[in-house]
Amino acid sequence: MIRVSFLKNGENLTGFECKGHSSLGEEGTDILCAFVSSACYMAANTVTEVIKLDADARDADGYMRLDIKSSPEKAQDILKGMKLHLTELQNQYPEQIKVITTEE
């Protein structure tokens, strides 16, 4: 199962942690893993390379984490859009993906 935890501090989302695999298909052919990975990379790259916020981004096989260190309010539209996108995927694939929000 893919688990995505959005990190929240007060009213602001401050990042996310995504880990796991959906197991819908073989490695390299799993469309749900590809959808989720693409959304995570797009959000992390937009925060770090386009908006240029001070953030820590890490990834490994089946894992990605983004921690925004300053000015998270500038990334709310990106993170909220990503959360909406992944929540819709959760509605379609409830046995393969879980989206939650955790308070820091």
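In strand S4, Asp67 is the bridge partner of Gly15. The structure is a predicted model, in which local features need pLDDT of at least 70 and side-chain atom pairs count only at pLDDT 80 or more, while totals for chains, interfaces and linings use all residues. Residues are numbered from 1 along each chain as its sequence is written, and side-chain values use heavy atoms, with hydrogens and water left out. Helices (H or I, at least four residues) and strands (E, at least two) are DSSP runs, numbered from the N terminus; two strands pair if DSSP finds at least two bridges between them.

The pairing of Gly15 with Asp67 belongs to an antiparallel arrangement of S2 (residues 12-19) and S4 (residues 63-68), which extends over 5 bridges. These strands form part of an open sheet of 5 strands with mixed pairing, in the order S3-S4-S2-S1-S5. Its edges are strand S3 (55-60) and strand S5 (97-103), each of which pairs on one side only. From one strand to the next, the twist averages 15 degrees; angles run from 0 to 180 degrees between N-to-C directions, and axes are lines fitted to C-alpha atoms, for helices over the stretch in contact.

Helix H1 (residues 31-50) packs on this sheet and touches S1 (2-9), S2, S3, S4 and S5, where contact means heavy atoms within 4.5 Å. The direction of H1 makes about 25 degrees with that of S4. Helix H2 (residues 76-92) lies across S1, S2, S4 and S5, and runs at about 140 degrees to S5.

Strand S1 pairs with S2 in the antiparallel sense through 7 bridges, and Asn9 stands opposite Asn12 in S2. The hairpin of S1 and S2 has 2 residues between the strands, and in this hairpin Gly10 adopts a positive phi near 65 degrees. With S5, by contrast, S1 pairs in the parallel sense, over 7 bridges; within S5, Val99 is the bridge partner of Val4.

Asp67, located in strand S4, counts as buried because its relative accessibility is 15% (buried, under 20% relative accessible area; exposed, over 50%; partly exposed in between; 1.4 Å probe, protein chains only). The side chains of Asp67 and Arg58 are joined by a polar contact of 3.5 Å, defined as a pair of N or O atoms within 3.5 Å; within protein, one must be able to donate a hydrogen and the other to accept it, and residues adjacent in sequence count only if both atoms are side-chain atoms. When neighbours within four places in sequence are left aside, Asp67 is in contact with Leu7, Thr14, Asp54, Ala55, Asp56 and Arg58.
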